[in-house]
Amino acid sequence: MKKKIIENVKTLIIALILAVIIRSLLIQPFFIPSSSMENTLLIGDRLFVTKYSYGYSRHSFPFSIKLLSERVLYTEPDRGDVIVFKTPADNRTDYIKRLIGKPGDIIQFVNGDLYLNKKKIEKEFVKKDTVLCGQEKIEVNIYKEKITEDSEYQIAYFTNDSMTDTDSYTVPKDHFFFLGDNRDCSKDSRFLMSVGYVNKENLVGKARFLFFSNDQSIGNFFTFWRWHNSIRFNRILKKII
């Protein structure tokens with residue numbers, strides 16, 4: 001009996017170690033709790049993030065244990081990547097946004113248009129739609145934005161009272177500038193006191209694809225008896241672009 005208990009404990013310890021290794025070095029699941037990335041990501045989406053995409057830092061490990069003093073095996077992310085990072089304000093809270101600016105870039109909004117290094121990023125109107133902002137549904141214009149030749153995605157702007165002009169932002173060395181796709185309802189790098197520029201050490205990983213999604217107003221992951229009404233089947237295994 002005693003031998004069996006010891007074997008079970010060993011098996012459990014090995015399983016926990018493997019889980020920590022996989023979660024820290026390979027892939028980690030995340031849940032979307034806010035509307036700042038609509039319609040790319042919806043409240044209730046669950047997705048996988050690859051931890052190896054940009055190398056590793058202390059934020060790659062559970063509880064941000066300081067096993068590393070600096071980022072190792074670093075690969076610089078690309079503009080347009082959807083990335084999970086730790087907010088600079090507390091180095092603890094996970095945010096997910098789209099990478100817009102790299103070190104040395106100058107970003108500014110003029111008349112609601114995004115400028116990168118004084119060049120206007122063209123956007124093409126797609127349709128009118130509604131998105132959530134908090135608990136409120138807001139009418140928006142959906143645009144197709146192309147920040148590089150290889151990165152094209154959709155963004156939302158409020159049809160009324162949309163953001164117009166901002167100061168210019170110059171991204172410091174080893175930092176990045178992030179925006180939410182729900183442009184008028186996103187706390188991101190434009191808010192220097194709460195998010196601001198994100199150090200490369202704070203990068204957690206690249207968002208890859210959804211593995212589950214359900215409408216939180218109907219039910220959640222654990223209310224399986226409501227899945228037939230709440231699951232968004234068209235979003236399962238959807239690639240994040």
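1. Terms and model. Helices (H or I, at least four residues) and strands (E, at least two) are DSSP runs, numbered from the N terminus. Phe-63 lies in the loop between strands β2 and β3 (82–86). The model is predicted: local features need pLDDT of at least 70, side-chain atom pairs count only at pLDDT 80 or more, and totals for chains, interfaces and linings use all residues. Residues are numbered from 1 along each chain as its sequence is written, and side-chain values use heavy atoms, with hydrogens and water left out.

2. Overall make-up. The chain has 14 strands and 2 helices. Of its 241 residues, 44% count as buried. Buried means under 20% relative accessible area, exposed over 50%, and partly exposed in between (1.4 Å probe, protein chains only). Contact means heavy atoms within 4.5 Å. Among contacts in the chain with a separation of 6 or more, 59% join residues 24 or more positions apart.

3. Main core. A nonpolar core is a set of buried Ala, Val, Leu, Ile, Met, Phe, Trp, Tyr and Cys residues joined through side-chain atoms within 4.5 Å. The largest one here has 15 residues. Ile-100, Ile-107, Leu-114, Ile-147, Phe-177 and Leu-179 have the most contacts inside it. Two or more residues each come from β5 (106–110), β6 (113–116), β9 (136–148), β10 (151–158) and β12 (175–179). Strand β10 gives the most, with 3 residues. In soluble globular proteins, nonpolar side chains tend to be buried together.

4. Leu-114 and the second core. Leave aside neighbours within four places in sequence. Leu-114 is then in contact with Ile-100, Ile-107, Phe-109, Ile-121 and Leu-179, among others. Its partners also include Gln-108, Lys-119, Lys-120, Glu-145 and Arg-183. A second, separate core has 13 residues, including Leu-41, Val-82, Ala-207 and Ile-240.

5. Largest pocket. On a 1 Å grid over the protein atoms alone, a cavity is a set of points where a 1.4 Å probe fits but cannot get out, and a pocket is an open set with protein on both sides within 12 Å along at least five of seven lines; lining residues have an atom within 4 Å of a point. Grid points are joined across faces, edges and corners, and a volume is the space filled by probe spheres set on the points. The largest pocket holds about 350 Å³ of space. Its lining has 14 residues, with Glu-38, Leu-132, Lys-137, Asp-215 and Arg-232 nearest the centre. Strand β8 (residues 123–133) supplies the largest share of the lining, 3 residues.

6. The lining has 4 nonpolar, 6 polar and 4 charged residues. Here Ala, Val, Leu, Ile, Met, Phe, Trp, Tyr, Cys and Pro count as nonpolar, Asp, Glu, Lys and Arg as charged, and the others, Gly among them, as polar. Lys-137 lies in strand β9. Lys-137 counts as exposed because its relative accessibility is 64%. Beyond four places in sequence, Lys-137 is in contact with Thr-130, Val-131 and Leu-132.

7. Loop between β1 and β2. The peptide bond from Glu-38 to Asn-39 deserves a look: it is cis, with omega near 0°. Asn-39 lies in the loop between β1 (27–31) and β2 (45–50). Pro-33 has its place in that loop too. Pro-33 is exposed because its relative accessible area is 59%. Pro-33 and Asp-45 are 12 residues apart in sequence and 8.1 Å apart in space, C-alpha to C-alpha.

8. Arg-235. This residue lies in the segment after α2 (227–230). Arg-235 counts as buried because its relative accessibility is 6%. A polar atom of its side chain lies 2.9 Å from the backbone oxygen of Thr-40. Not counting residues up to four places away, Arg-235 touches Asn-39, Thr-40, Leu-41, Leu-42, Asp-45, Leu-210 and Ser-213.

9. Arg-58. This residue sits in the loop between β2 and β3. Arg-58 counts as buried because its relative accessibility is 15%. Its side chain makes a polar contact with the side chain of Glu-201 (3.1 Å). A polar contact is a pair of N or O atoms within 3.5 Å; within protein, one must be able to donate a hydrogen and the other to accept it, and residues adjacent in sequence count only if both atoms are side-chain atoms.

10. Backbone angles to check. Phe-63 is not a glycine, yet has a positive phi of about 65°. Phe-63 is exposed because its relative accessible area is 83%. Asn-111, also not a glycine, has a positive phi of about 55°. Asn-111 lies in the loop between β5 and β6.
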